[in-house]
Amino acid sequence: MAGAGDELKLLGMWTSPFALRVKLALSFKGLSYEYAEEDLSNKSELLLSSNPVHKKVPVLIHNGKPICESQVIVQYIDEAFPGAGVPLLPSDPYERAVARFWAAYIDDKLLKSWLQASMGKTEEEKAEALKETFTAVANLEAAFEECSKGKPFFGGDAVGYLDVTLGALVSWVHAGEALYGMRLFDATRSPLLDAWVDRFAALDAAMAVLPDAGTLAEYAKKRQAERAAAAAANN
């Protein structure tokens with residue numbers, strides 16, 4: 001567990017799946033921390049000084065030392081607090097490498113194409129991005145089968161690193177369904193991941209962190225309207 005002298009502070013934004021990823025890791029590890037919500041249109045001096053390279057959330061500050069980038073932070077939490085909660089990264093070096101590979105794939109392929117599918121400038125752009133998204137989903141479906149070995153989670157019987165990495169998208173999966181009438185993972189295309197989404201969301205440590213999907217959908221609608229108004233003003 002975290003020692004009495006350990007001070008943890010998280011700089012984040014409530015809608016950010018990357019900040020949610022860190023919140024989930026802290027929740028599954030059972031660690032207490034101070035949370036500071038950032039306004040990304042008016043970034044705090046603490047954020048700018050803690051992450052001068054990217055100037056983005058999340059940033060975890062542990063005893064005054066900042067750690068940046070969500071996947072790096074989650075790995076750090078697991079290594080810095082090995083006795084707390086569930087171990088997130090596999091103990092086997094090969095399995096750990098596989099988990100890191102798929103975690104990078106989630107950000108580089110799935111998340112990037114999924115965002116492009118909803119925010120692309122043309123219908124053709126959106127359609128191509130959606131095709132890439134479903135290719136990524138198919139690959140992750142196969143990865144779940146391989147990593148879980150027939151058990152409930154990527155980590156096996158208990159939640160692991162990949163569950164936390166992908167779990168940060170669960171509320172957005174439901175919000176996307178409400179917004180676009182399309183579920184990222186479904187029973188036909190990806191039955192294993194479709195069942196996993198509901199299984200993960202039902203965990204106490206996840207429920208304590210994940211935002212309400214309806215509230216996220218309303219936030220996304222508002223942002224879309226703001227972007228449309230800005231684009232119209234620039235024409």
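Me: Hi! Which order do the four strands of the open sheet come in?
Reply: Hi! The order is β2-β1-β3-β4, and the pairing in this open sheet is mixed. Keep in mind that this is a predicted model.

Me: Thanks. And which are the edge strands?
Reply: Those are β2, residues 34-37, and β4, each of which pairs on one side only.

Me: How many degrees are neighbouring strands turned against each other on average?
Reply: The average is 20 degrees, with direction ignored.

Me: What about β1 and β3, parallel or antiparallel?
Reply: Antiparallel: β1, which covers residues 8-12, pairs with β3 over four bridges. In one of the pairings, leucine 10 has leucine 60 in β3 as its bridge partner.

Me: Which strands does helix α1 touch?
Reply: Helix α1, residues 17-29, packs on the sheet and touches β1, β2 and β3. Its direction makes about 155 degrees with that of β1.

Me: And which ones does helix α3 touch?
Reply: Helix α3, residues 70-80, packs on the sheet against β3 and β4. The angle between its direction and that of β4 is about 125 degrees.

Me: Let's zoom in on α1. What is phenylalanine 18 in contact with, leaving aside neighbours within four places in sequence?
Reply: Phenylalanine 18 lies in helix α1 and is in contact with Pro58, Ser70, Asp107 and Leu111.

Me: Why is phenylalanine 18 called partly exposed?
Reply: Because its relative accessible area is 30%, and that class runs between the 20% limit for buried and the 50% limit for exposed.

Me: Now threonine 15, where does it lie?
Reply: Threonine 15 lies in the loop between β1 and α1. Not counting residues up to four places away in sequence, it touches Trp172, Leu216 and Tyr219.

Me: Buried or exposed, that threonine 15?
Reply: Buried, because its relative accessible area is 7%, and buried means under 20%.

Me: What does the side chain of asparagine 63 join up with through a polar contact?
Reply: A polar contact of 3.4 Å joins it to the side chain of aspartate 6. A polar atom of the asparagine 63 side chain also lies 2.7 Å from the backbone nitrogen of glutamate 7.

Me: Which feature does UniProt place at residues 6-85?
Reply: The unreviewed UniProt entry has "domain: GST N-terminal" there. Over residues 6-85 the chain is 38% helix and 21% strand, and the end C-alpha atoms are 16 Å apart.

Me: Zooming out, how many helices and strands does the protein chain have?
Reply: The chain has 10 helices and four strands, following the pattern β-α-β-α-β-β-α-α-α-α-α-α-α-α along the sequence.

Me: Why does its radius of gyration agree with a compact globule?
Reply: Because a compact globule of 235 residues would have a value near 18 Å, and the protein chain has 18 Å. The C-alpha trace spans about 55 × 45 × 30 Å along its principal axes, and 44% of the residues count as buried.

Conventions: Residues numbered from 1 in each chain as written. Predicted model: local features only at pLDDT ≥ 70, side-chain atom pairs only at ≥ 80, totals over all residues. Heavy atoms only, no water. UniProt positions renumbered as here; feature names shortened; annotations may be inferred. Helix = DSSP H or I, 4+ residues; strand = E, 2+ residues; numbered from the N terminus. Polar contact = N/O pair within 3.5 Å; in protein donor to acceptor, adjacent residues only side chain to side chain. Pairing = 2+ DSSP bridges. Axes fitted to C-alpha atoms, helices over the stretch in contact; angles between N-to-C directions. Contact = heavy atoms within 4.5 Å. Buried < 20%, exposed > 50% of the residue type's maximum accessible area, 1.4 Å probe, protein only. Rg over C-alpha atoms; globule rule 2.2 N^0.38 Å.
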